[in-house]
Structures are given as structure tokens and as C-alpha cells.
Amino acid sequence: MMNTYAHTSITLQALSVRKAELKKELTQTSESIRDHWHALMDPPSADTKVQQWVNSAERAVAVYDGVMMGYKLLRRFRGLFSHRKKRH
């Protein structure tokens with residue numbers, strides 16, 4: 001990154017102008033990222049009642065799948081890091 005203020009004196013006014021520019025750019029970038037995220041992650045809009053039911057069922061299955069995967073991973077990691085001696 002090239003310093004644009006290398007040969008000029010830095011004033012408070014110049015800093016505040018640059019801060020405003022960066023804040024505006026950051027806001028635009030944030031909005032762009034949010035829009036892209038929603039476009040990728042939101043379920044498709046349902047036009048009919050059947051599509052609404054299908055979307056709800058898919059969401060329920062995804063939640064169930066996530067919970068079960070978490071439970072299985074928790075059991076496996078708990079077994080790996082267990083320091084108790086097993087009775088035989």
C-alpha cells in the first residue's frame with residue numbers, strides 16, 4: 001500500500017476526510033457482503049403452499065442433521081480425551 005501522504009503535511013482535516021472516505025467504503029463493502037451472503041444462504045422463495053412445506057421440511061432435516069453430527073462428534077471427542085481408566 002502506497003502512502004499518499006508521504007510528501008504532504010498531515011492535518012486533522014485531511015485525516016477526518018480520509019476517515020470519512022474509508023467509513024463510506026467500509027459501509028458499501030459491508031452491504032455488498034451482506035447482499036451476497038443472503039443471496040447464497042437464503043432458501044429460495046416459495047410461491048406455493050407445497051414449496052413452503054418442502055422448505056420447512058428441508059430446514060427441519062438440516063437442523064436434525066446438524067444436531068446429530070454435533071452429538072456424534074461430542075461423543076467421539078469425549079472418548080478421545082477421557083483420562084479415566086476403563087474397568088474390564
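Is Arg59 buried, partly exposed or exposed, and what is the relative accessible area of Arg59? Arg59 is partly exposed, with a relative accessible area of 47%; here buried means under 20%, exposed over 50%, and partly exposed in between, with a 1.4 Å probe and protein chains only.

This is a predicted model, in which local features need pLDDT of at least 70, side-chain atom pairs count only at pLDDT 80 or more, and totals for chains, interfaces and linings use all residues. Residues are numbered from 1 along each chain as its sequence is written, and side-chain values use heavy atoms, with hydrogens and water left out.

The chain has two helices and zero strands. Of the 88 residues in the chain, 1% are buried. The chain exposes about 9200 Å², and carbon and sulfur atoms supply 61% of that area; accessible areas come from the Shrake-Rupley method with a 1.4 Å probe, and for residues only the protein chains shown count as cover.

Helix 1 covers residues 12-41 and contains both Arg18 and Glu21, which are three residues apart, about one turn of the helix. Their side chains meet in a salt bridge, with 3.6 Å from N to O. The term requires a side-chain nitrogen of Lys or Arg within 4 Å of a carboxyl oxygen of Asp or Glu. A search of the whole structure finds one such bridge. Arg18 is partly exposed at 29% relative accessible area, and Glu21 is partly exposed at 43%.

Arg59 belongs to helix 2. The C-alpha atom of Arg59 is separated by 9.0 Å from that of Pro43, 16 residues apart along the chain. Asn55 also lies in helix 2 and is buried, with a relative accessible area of 16%. Leaving aside residues up to four places away in sequence, Asn55 touches Pro44 and Ala46, where contact means heavy atoms within 4.5 Å.

Helix 2 spans residues 49-80 and includes Met69, which is partly exposed at 48% relative accessibility. Met69, Leu73, Phe77, Leu80 and Phe81 form a nonpolar surface patch with about 550 Å² of accessible area together. Patches take residues with over 30% relative accessible area and no salt bridge, joining like charges within 9 Å and nonpolar side chains (Val, Leu, Ile, Met, Phe, Trp, Tyr) within 5 Å.

How values were computed: Helix = DSSP H or I, 4+ residues; strand = E, 2+ residues; numbered from the N terminus.
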